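Welcome! Take a moment to turn the model around and look at it from a few sides before reading on.

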Amino acid sequence: MRAVIVAVGVAFLVSLFGTPIAIRVFTRLKAGQPIRAEGPAMHQGKKGTPTMGGVVFILATVIAYVAGHLALTTLPDAQIAQVEPTITALVLLGLMVFSGAVGFIDDFLKVRKRHSGGLNKRGKLLGQILVGAIFGVIALYFPSSMTDPEGRATNTATVGSTTLSFIRDIPALELTKVGAVIVFIFVVMAATNGVNLTDGLDGLATGASVMVLAAYALIAFWQYRHWCADPNYTQDYCYTVRDPLEIALIAGAAAGACVGFLWWNTSPARIFMGDTGALGLGGLIAGMAMSTRTILLLPIIGGLFVIITMSVVIQIISFRTTGKRVFRMSPLQHHFELAGWSEVNIVVRFWIIAGIGVAIALGLFYSDFLAHVG
């Protein structure tokens, strides 16, 4: 727990005090956010606000991860299961950094062209597929080599699983490794695009991501406290995930970094996360779902992202089949803007929806535990 708290605190402080520096740097570089001409008219006043702020909380998360591991080395050996950096950290931080890199290219092109187009859809899609494939292979083909003091294997799990999962793996839904990598890619694409579509109002995606990441930190830490690979844990019901403390540490660090960024990103935003931040957060959230064996729980934990993504899908299908729009504008948050809701009202109410999804998901996760130990 100490390592997680240290990581959260470091990430928060680095992000809180690093964001103003990024604001000044990106302002000096004239890295202002281009605004779509067809977007809500009230957004034109945001033109020129620095973008690519996701660089700050991605960097803060990586720094906090290192700080959390330094804290781990001060604990007694009996309390440590994962002192050395792991493949799990490589996958999770890799997904965040390289998904963010795809978004950074998109943001850079927008700023350079002074146009909201950025990276074309095909290029962004290929980038997401490539990142998902690389880290999907790492997650599925590199098992843990954790051993006990006598050299016997105590944990041979991989970061990802060849079985689809809800609150844990579902044995009846077994996949091949190739099939599991394809699912991994799909989850990365779904999560990155979901967070990206949710971004667009000051603080909306940041605040929702804080809740989702905090939920994964709680889930992962609970799994660590009831971990099958822990020789000190003797109860029958346990979790067969790999490196749950690493997952909790990274999720907590990312949540803390987002809170620090939210101080400057809330309305009126001094800086936007851009696609750099949105794709980075989406990649990390996808990794959280895969590594905690909660893939099918992700649509509930990230319920707001699903709702907003579906609003876009419904709008496209309706317009292409009937020529009519269901919403005044998609994604959904812009529909309510045009309906006369203030930006702050939309953000707070959507945060409430995000919180409800997180609460339901955590309730399902805990009720599953109670059902097996009760």
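Here is a short tour, from the whole chain down to one residue.

This is a predicted model, in which local features need pLDDT of at least 70 and side-chain atom pairs count only at pLDDT 80 or more, while totals for chains, interfaces and linings use all residues. Residues are numbered from 1 along each chain as its sequence is written, and side-chain values use heavy atoms, with hydrogens and water left out.

**The whole chain**
- The chain has twelve helices and four strands; these are DSSP runs numbered from the N terminus, with helices being H or I of at least four residues and strands E of at least two.
- Its radius of gyration is 21 Å, close to the 21 Å that the globule rule gives for 374 residues, so the chain is as compact as a globular protein of that length. The radius is taken over C-alpha atoms, and the rule is 2.2 Å times the number of residues to the power 0.38.
- Along the principal axes, the C-alpha atoms fill a box of roughly 65 × 45 × 35 Å.
- Of the 374 residues, 55% are buried (under 20% relative accessible area; exposed is over 50%, partly exposed in between, with a 1.4 Å probe and protein chains only).
- Among contacts (heavy atoms within 4.5 Å) with a separation of 6 or more, 76% join residues 24 or more positions apart.

**Helix H8**
- The 18 residues of H8 (274–291) should span 26 Å at 1.5 Å a residue, and the end C-alpha atoms are 26 Å apart, which agrees. The expected span is 1.5 Å times one less than the number of residues.
- H8 is mostly covered, with 18 of its 18 residues buried.
- Just after H8, Arg293 takes a positive phi of about 60 degrees.

**Helix H12**
- H12 (residues 343–373) has 31 residues and reaches 45 Å from first C-alpha to last, close to the 45 Å expected.
- Its buried residues include Ile346, Phe350, Gly357 and Phe365.
- The buried residues of H12 pack against helices H6 (204–225), H9 (298–301), H10 (303–322) and H11 (332–338).

**A closer look at Phe272**
- Phe272 sits in the loop between helix H7 (244–265) and H8.
- Is Phe272 buried or exposed? Phe272 is buried, because its relative accessible area is 12%.
- Not counting residues up to four places away in sequence, Phe272 touches several residues, among them Gln33, Lys46, Met52, Asp202 and Phe261.
- Phe272 and Phe108 are 164 residues apart along the chain, and their C-alpha atoms are separated by 13 Å.
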